[in-house]
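Biologist: I am new to this structure and would like to learn how to read it. Could you walk me through some features?

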Amino acid sequence: MAKNSGRVPAGVMKRAKRIKLFLMDVDGTLTDGSVCLISKMASGDLSELKIFDAHDGAGLTLAHIMGIKTGVITGRNSAATAQRAKEMKMDFVFQGRAKKLEAYEECQRLSDAGDAETAYLGDDLPDLPLLQRAGLAVATSNAVEEVKRAAHFVTRAGGGHGAARELVELILRAQGRWGEAVPKALA
């Protein structure tokens, strides 16, 4: 694992240069890990509230524009996750997957990407099998220690606070395409 001190190690940049597919968890990576359940008094129904980071959204949209396939693999089912993925034009949305490896392999098959061409961003123990396979295994700064140890790189940003955006930029810089990407990100 490479601690992120602001400078990205050459080995991490070499791995990032090959990435065609960027997959990630949701709770703890695209959100800060909080789960807010809201009870509707009259019906007793529950709704779930998720808060997503605008910088992550901009980064994932830019990844799409630049031809990097993206997707989420999560153990929870959430309408908010499905909506956010749609807004970011994500290629893959796998929800309700306690065991994520099968979905990871399906994303690879559909995008014609091998392990060396796949980045995975995670934060907790269910992410370990995917991090062990990914060519670029990345942990959020607030990930559990086992995930940080399994990662090639740890983001400076925490989950739900720009970690996905940080990884998109790292990948595009490693591929020498950041300069090309910046004008495409402007509104």
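Biologist: Let me begin with leucine 37: does it count as buried or exposed?

Modeller: Some background comes before that: this is a predicted model, where local features need pLDDT of at least 70, side-chain atom pairs count only at pLDDT 80 or more, and totals for chains, interfaces and linings use all residues. Residues are numbered from 1 along each chain as its sequence is written, and side-chain values use heavy atoms, leaving out hydrogens and water. Buried means under 20% relative accessible area, exposed over 50%, and partly exposed in between (1.4 Å probe, protein chains only). Leucine 37 has 51% relative accessibility, so it counts as exposed. You will find leucine 37 in strand E2, residues 36–39; helices (H or I, at least four residues) and strands (E, at least two) are DSSP runs, numbered from the N terminus.

Biologist: Where is threonine 140, and is it buried or exposed?

Modeller: Threonine 140 sits in the loop between strand E7 (136–139) and helix H6 (145–150). Threonine 140 counts as buried because its relative accessibility is 0%. Contact means heavy atoms within 4.5 Å. Beyond residues up to four places away in sequence, threonine 140 touches several others, including Gly28, Leu121, Asp123 and Gly158.

Biologist: What is the phi of lysine 89?

Modeller: The general idea is that most residues other than glycine have a negative phi. Lysine 89 has a positive value, near 55°. Its place is the loop between helix H3 (79–87) and strand E5 (92–94), and lysine 89 counts as partly exposed because its relative accessibility is 48%. Aspartate 112 also has a positive phi, near 55°. That residue lies in the loop between helix H4 (101–111) and strand E6 (118–122).

Biologist: How do helices H2 and H7 cross?

Modeller: Two packed helices are described by the angle between their axes and the distance between the axes. Axes are lines fitted to C-alpha atoms, for helices over the stretch in contact, with angles from 0 to 180 degrees between N-to-C directions. Here the axes of H2 (residues 54–65) and H7 (residues 163–174) come within 7 Å and cross at roughly 35°. Among the residues that meet are Leu60 and Ala63 in H2, and Val168 and Leu172 in H7.

Biologist: Which residues does glutamine 175 contact, leaving aside neighbours within four places in sequence?

Modeller: Glutamine 175 is in contact with Ala16, Lys17, Arg18, Ile19 and Ile68. The C-alpha atoms of glutamine 175 and arginine 18 are separated by 7.6 Å, although these residues are 157 residues apart along the chain.
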